[in-house]
Amino acid sequence: MSTRLARIVTTLFVLAVVLLPIYWLVSTSLKSNREITQEGTLYPHVPTLDNYVRLFTEKQFGSYLTNSLVVTFFSVAIALVVGAMGAYAIVRFRLPFAMEGKVGLFLLTLRIIPPVVILIPVYLLMLSLGLLDTWLGLIATYTAFNVTFCVWMMESFFREIPVDLEEAAMVDGDSRFGAFRRITLPLAAPGLAATAIFAVLVTFNEFLFALALTATPRAMTMPRGTATLIGRIDTDWASMAAAGVIGALPIVFFALLVQRHLVRGLTMGAVK
Amino acid sequence: MMHSSRLTRRSVIKGGLGLALATTALTTLGLPMPARAAGKKVIIGAFADGGLTPFKQKIIPLAKEQGFDIEFLEDEYGVTLEKWFADAQSGAGQYDLYLLDDPWVPQFGAANVLEDLGAGGIDGADKDWIGSMIDMGYWPPQQGPRVKGFESAKSTLICVPFVGDLQTLTYRNDVFTGGAPKTWDEVIAKGKEGVAAGKIKYPVVFRGVSGNPIVTSWYPVFLSFGGSFFDDKWNPIFNSAEGKASADFFVGTMKQNAPSGVVEFDSDQEGAAILGGEAGAIIQYSGNALKADDPAQTKVAGKLDFGVVPSQAKAIAQMGIFIAGVPKAAPNKANAIEFLKWYVSAETQAKLSEAGSIPVKRSAFGIAKPGNRLIPVALKQLDAGALPRPRTPDWAKVEELLGIELNKALQAGSGGGAALDTAAKQVKDYLTTAGYY
C-alpha cells in the first residue's frame with residue numbers, strides 16, 4: 001500500500017512539474033497585463049482572449065507563424081532528402097581511405113560548432129547574396145545545419161538495414177537508386193521520422209540566426225517575432241504568453257502525428 | 001456495405017498536412033506583403049516602447065492620408081542598436097528611418113553612416129524646436145566637450161527629435177495632497193506618512209538592476225543633488241561630493257523606503273509597484289507614465305498625478321528622446337526626408353500632442369487640448385531642466401561600469417560614494433585605453 005501511495009505521490013509530483021509551466025503559460029495568456037504584473041493571480045479572474053486577438057491584429061503574428069512554417073517545412077524537407085542520400089552514400093560506398101569512418105564525426109563536429117561563431121560570416125554571406133530578410137536566406141542557413149544533423153542521424157539507421165535486401169532488388173533488375181528509393185528508404189522511414197522531428201524542433205525554435213538574418217515581418221520567424229514584444233521599458237507579457245501557446249501548437253500537433261514513428265525510430269536497431 | 005468512419009492516423013496526417021499547407025498558402029496570399037508600393041514608401045525601424053503608441057495609432061494614418069506608404073517595423077530594444085548599426089555600416093539598406101534612442105546618436109555620428117538632414121532641407125535653427133532636443137541631433141555636439149577626432153569637425157544635423165520622451169515624476173495625489181513633492185526629502189517624509197496611513201506600502205520605487213536601469217534611476221537624483229558627469233576634458237567628475245551624496249542617498253535612504261526586492265527591479269517591477277498602488281512616487285519615462293489614467297493598466301487610476309522631478313539643489317530630469325536618422329543606404333531616402341519635414345511641422349506636431357504623445361516643437365505643447373495630462377508637465381520639466389546623457393560613443397560602456405558598482409552598493413544598502421570612486425577609476429581607465437586623453 002505504501003508503495004502504491006509513493007507511486008501516486010511521485011506521479012503527481014512529476015505531473016505537477018511537467019504541467020505547471022504549461023498551465024502557467026496558458027493561464028497567463030488569458031490574463032490582462034495588469035492582472036499579470038500587479039495582481040499575480042493563480043488563475044485568470046477575468047479571462048480574456050484579447051491577447052490572442054492583439055497578436056494577429058496589431059502584432060503581425062500571422063506573418064511570423066507563416067514564416068516559421070514555411071521556413072521549417074522547406075529546410076527540413078530539403079535536408080532530409082539530401083541528408084538521407086548522403087548518409088546512404090557513407091554507409092554503402094567505399095570512401096577514400098583517409099575519410100573512412102571520419103565523415104560522420106566531421107559532420108557532427110560541424111553541427112556542434114557554437115552557432116554564434118559563424119553568425120557574422122553567415123550574415124555577411126547573406127548580405128552579399130542579397131538574401132537578408134528573406135525566406136530563402138533562412139531556408140539556406142537552416143538547411144545547411146539540418147543536413148549535417150540528418151546525415152549523422154540517418155547514418156546509424158541505414159547501417160541497421162541489411163544490404164542483402166538491396167542486392168536482391170538489384171539482382172531482380174532494379175537500379176541502385178531504385179533499390180534505395182523502393183527498399184531502403186521505406187525501411188528507414190521510422191528513422192527518417194525521428195530525424196524529421198528533431199530537425200523540425202530545432203528549426204522551428206531557432207532564434208539566433210533569425211535574429212541576425214531577419215528584420216521585418218517579411219521573414220521574421222515566430223520566436224524572433226515574439227521577441228519584438230519586449231519593449232524598452234515595458235513588455236507585453238500577456239501577448240508573449242499567447243504567442244507561446246500558439247507557437248507551441250504546431251510542434252505539439254506534429255509530434256502527436258508522428259509519435260509512433262518517433263518511438264520506433266528511437267528504438268530502431270536497439271535490440272538485435 | 002458499411003463504410004468505416006473511424007478516424008485513422010493516416011487520415012489525420014493527411015488532413016493535418018493538407019490543412020497546414022492550405023493555411024500557409026491562404027495566409028501567405030492574404031498577407032499584406034511589403035512589396036514596394038506606388039506611394040511614397042518609408043520604412044521606419046523602431047524599438048518597442050509605449051511612448052510610440054500615439055504615433056502608431058494616430059500619426060501613421062495621417063501620414064497615409066498625405067500619400068506616405070509607411071511600413072513601421074518594431075523590434076526588441078535590446079537588439080535594435082546592433083541591428084541598425086550593422087545595417088547602416090554594411091549598407092544593407094533595410095530601413096529608411098531609424099527611431100534611435102538618443103545616446104546612440106554619437107555612435108552613428110562617429111561612424112558617418114547617417115544623412116546630413118540639414119542639407120536635406122530640415123531647419124535645425126527653427127526657433128520652434130525645443131532647444132535641448134534639437135541639440136541632440138547634431139554630431140559632433142554644438143556645445144560641450146567633443147571626443148577626439150571630432151574637435152574641429154563641422155557640427156551636422158544627422159538626426160531630428162521624434163518624440164520628446166523625458167523623465168518626470170509620477171506621484172500619488174492622495175499621499176502628496178499638497179501637490180508634487182518638491183524635494184527628495186519630501187518624497188520620503190510624506191511617503192512615510194502615506195505608509196503609516198495605509199495608503200501605500202512604500203514611499204518610492206525605482207529600478208535597481210545593474211547597467212542602464214539603475215543608472216537611469218539614479219541619474220535624476222544625481223542631477224538634482226547638483227552632480228556633473230564629466231568635465232570638459234572627459235575626466236569623470238561624477239564622484240564629486242554632490243555625486244557621492246546622491247549615491248549614498250540612493251542606495252541608502254531610497255532603498256530603505258522602496259520594496260524589498262528593488263535591487264532586482266526593472267521597468268516591469270517598478271511599473272507594477274506604482275500602477276498597482278503600492279508605491280507613492282516614481283521617476284519614469286513617458287511610456288509608462290502614459291498608463292496612469294487607464295483603468296485597464298492601473299488599479300489606482302485617478303490617484304496618479306505628474307510633476308517636475310524633485311530637487312535638492314535643482315530639479316533636472318534625464319532626457320531620453322526618440323530621435324530619427326536616415327541611413328545613407330536608405331532605399332527611399334528622399335521619401336524619408338520628406339516624411340520628416342512633414343512630421344516635424346508645427347501642424348503635425350500639434351496632432352501628435354493631441355494624440356497624447358510628447359512633441360518636439362514648443363508650439364505643440366501649447367495647443368488647447370493636449371491628449372495627455374503629462375504633456376504640460378513635460379514642458380514644465382523641460383523648462384526646469386532636462387539633460388541628455390553625455391554625448392560620447394562610449395556611453396554604453398560607461399553606463400555599464402557605473403551600473404555594476406551602483407548595483408553592488410545598492411545590494412549592500414550603503415557605500416554609494418565609494419562605488420562612485422571605484423566606477424570613476426574604471427571609467428577613467430577605460431577612456432584612457434580608448435584614447436580620450
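Let us start with helix 9 (residues 267–275) of chain B: 8 of its 9 residues are buried, so helix 9 is largely enclosed by the rest of the structure. Buried means under 20% relative accessible area, with exposed over 50% and partly exposed in between (1.4 Å probe, protein chains only). Among the buried residues are B:Ser267, B:Asp268 and B:Leu275. Just after helix 9 of chain B, B:Gly277 takes a positive phi of about 90 degrees.

This is a predicted model, in which local features need pLDDT of at least 70 and side-chain atom pairs count only at pLDDT 80 or more, while totals for chains, interfaces and linings use all residues. Residues are numbered from 1 along each chain as its sequence is written, chains are lettered from A and ligands numbered from 1 in the order in which they are written, and side-chain values use heavy atoms, leaving out hydrogens and water.

Next comes a sheet. Chain B has an open sheet of 5 strands in the order 2-1-3-12-6, with mixed pairing. Strands pair if DSSP finds at least two bridges between them; helices (H or I, at least four residues) and strands (E, at least two) are DSSP runs, numbered from the N terminus. At the edges of the sheet, strand 2 (68–75) and strand 6 (159–163) of chain B each pair on one side only. Strand 1 (residues 40–47) and strand 3 (residues 97–101) of chain B run parallel, joined by 2 bridges. B:Gly45 has B:Tyr98, in strand 3 of chain B, as its bridge partner.
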